[in-house]
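Please read it alongside the sequence and the model.

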Amino acid sequence: MMSQIPRQAALPTCPSCTEPLDAGDRFCGACGYDLSAVPPRPDDTPTLTMNGAEVSAAHGAQASAAHGADGPPPPPPPAGPAAVGPPLSAAPPTAAAAPPMVPAASVSPDPAAGVRFDRPAEPEEYPLQAPDPRLAVAKVCVACRAGRVDDDGYCENCGHAQPRERDHMEQESGPVAAVSDRGLRHHRNEDSFTVGHTALPDGGPALVAIVCDGVSSATRPDDASYAAAQTAGRALLAALPTGAHPQQAMHEAIVAASHAVNALAEEPATAREHAPHQNAPACTLVGAIVTAGLLVVGWVGDSRVYWVPADRSSPPARLTEDDSWAAQMVSAGLMNEAEAYADERAHAITGWLGADAYELEPHTAAFKPDRPGVVIVCTDGLWNYAEGAEEMAEALPLDAAARPLHAARVLVGHALDGGGHDNVTVALVPFPAPAQGAGSA
């Protein structure tokens, strides 16, 4: 049966006329093609035909390789019925007519070649991606020097809280200078200050320094100290050139600062931050005005003013009295100063600026020193570590009048070295006020 006959292997065919060949044939029995001139079959390297010229060139190269440069041409086909192959001038039957030219963009990819011809041309250079504008202005962590600081002030890498703008402040205004620091224990700086200089109606110089300490148990103490310091400073610098007496100008400046702090209690921000255990925004205030021959001080609360003569053989002095529980005990003769300030209630203030304060009683005093010296205006963050006038004088550098900013830094450093338990702020004003144009060395 036909199904039982084994399948025979396909017989070789003539490369010219495709007629079957027998094993051992040297010439094609149909067309007489010389089989000994057939080269080995080339590797299959398919290409994509783009136009007719390439087809012709490829066919011509194949024909040259098949016949050889010196090989004899194939013999003519024998006459008679055996000559059934195509004439030699005709193209081999495997070579079809060249297709029409096709645009490169519409040509399908050839999976065998692994090349896509339908891809658009790629540029020689690629534009770089624009930088993220958030990173261009991002702050770098002061601790790890690698992480980005988020909007809340913390490092996204190590979580370290970043210093705020008010954590450490320094300012010079002519011969007046001030330094304020957050300290080592508080999470923010609730102190503030203003320093400035102006001219009196007679052309004489006038120096101004205001220092305020926010009450930590109140709402928005940092805003309260800032509002008070800025308001009082502006009031003094506006009043003195008009001829107002320095002591009266100081009194009115403190009243204006009190109104500014009171206004904070009505702001929406206070309502948002207010807690049951907190009071209205509040702060203390202390200030000094120095002219060519007069020294005026004013205060409410427990921030202080010290006088240190340039001649350290002369005694220094404290020029203010605290509005505090300890001061009241000493004034009433119930306790001596050492006992009073050793009590845990010592720093409870009895006078402050704020909507819930008792009746405002600004304190002012005027002095006429008979020798040059330096006026120290400071919060309790400093005088806690140099409470007596002699201790403060020892901490003050000898060249403080000539280098007030340097001396203020030294005093702040003294408080930090002592423990820095509170915010520290100090302003230094030389006496007498030097002529206009003179500044710190």
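Glu 170 and Arg 409 form a salt bridge, with the closest N and O atoms 2.8 Å apart; a salt bridge here is a side-chain nitrogen of Lys or Arg within 4 Å of a carboxyl oxygen of Asp or Glu. The pair links distant parts of the chain, since Glu 170 is in strand E1 and Arg 409 is in helix H10, 239 residues apart. The model is predicted, so local features need pLDDT of at least 70 and side-chain atom pairs count only at pLDDT 80 or more, while totals for chains, interfaces and linings use all residues. Residues are numbered from 1 along each chain as its sequence is written, and side-chain values use heavy atoms, with hydrogens and water left out.

**Salt bridges**

- Side chains of opposite charge can pair when their charged atoms come close.
- The count of salt bridges comes to 12.
- Glu 170 is partly exposed, with a relative accessible area of 36%, and Arg 409 is partly exposed at 41%; buried means under 20% relative accessible area, exposed over 50% and partly exposed in between, with a 1.4 Å probe and protein chains only.
- Arg 220 forms a salt bridge with Asp 223, and their closest N and O atoms are 2.8 Å apart.
- Arg 220 counts as buried at 7% relative accessibility, whereas Asp 223 is partly exposed at 29%.
- Glu 190 is buried at 4% relative accessibility, and Arg 188 is partly exposed at 22%.

**Aromatic pairs and a charge over a ring**

- The whole structure holds three aromatic pairs; rings of Phe, Tyr and Trp (its six-membered ring) pair if their centres lie within 6.5 Å, and planes under 30 degrees apart count as stacked, over 60 as edge-to-face and the rest as tilted.
- One of them is the edge-to-face pair of Trp 307 and Phe 431, at 5.8 Å centre to centre with 80° between the planes.
- This pair links distant parts of the chain, with Trp 307 in strand E7 and Phe 431 in strand E12, 124 residues apart.
- Trp 307 and Phe 431 are both buried.
- Tyr 341 and Trp 383 also form an edge-to-face pair, at 6.2 Å centre to centre with 90° between the planes.
- Tyr 341 lies in helix H7 (residues 337-342) and Trp 383 in helix H8 (residues 380-383), so the pair ties together parts that are 42 residues apart in sequence.
- Tyr 341 counts as buried at 16% relative accessibility, and Trp 383 is buried with a relative accessible area of 0%.
- The charged end of Arg 304 sits over the ring of Trp 383, 3.4 Å from its centre; the rule requires NZ of Lys or CZ of Arg within 6 Å of the ring centre and within 35 degrees of the ring normal.

**The six-stranded open sheet**

- Six strands form an open sheet in the order E1-E2-E12-E11-E7-E8, with antiparallel pairing; two strands pair if DSSP finds at least two bridges between them.
- Strand E1 (168-173) and strand E8 (317-318) stand at the edges, each with a single partner strand, so one side of each is left without a neighbour in the sheet.
- Helices (H or I, at least four residues) and strands (E, at least two) are DSSP runs, numbered from the N terminus.
- Strand E7 (residues 304-309) pairs with E8 in the antiparallel sense over two bridges, and Tyr 306 stands opposite Arg 318 in E8.
- Helix H10 (residues 404-418) packs on the sheet and touches E1, strand E2 (176-181), strand E11 (373-378) and strand E12 (424-431); contact means heavy atoms within 4.5 Å.
- The direction of H10 makes about 145° with that of E12; axes are lines fitted to C-alpha atoms, for helices over the stretch in contact, and angles run from 0 to 180 degrees between N-to-C directions.

**The buried strand E6**

- Six of the six residues of strand E6 (residues 295-300) are buried, so E6 is largely enclosed by the rest of the structure.
- Leu 295, Val 297 and Trp 299 point one way from E6, while Val 296, Gly 298 and Val 300 point the other way.
- Strand E5 (residues 282-290) pairs with E6 in the antiparallel sense over six bridges, and a hairpin joins E5 to E6 through four residues.
- E6 and strand E10 (residues 363-367) run antiparallel and are joined by five bridges.
- Trp 299 in E6 is the bridge partner of Val 286 and stands opposite His 363 in E10.
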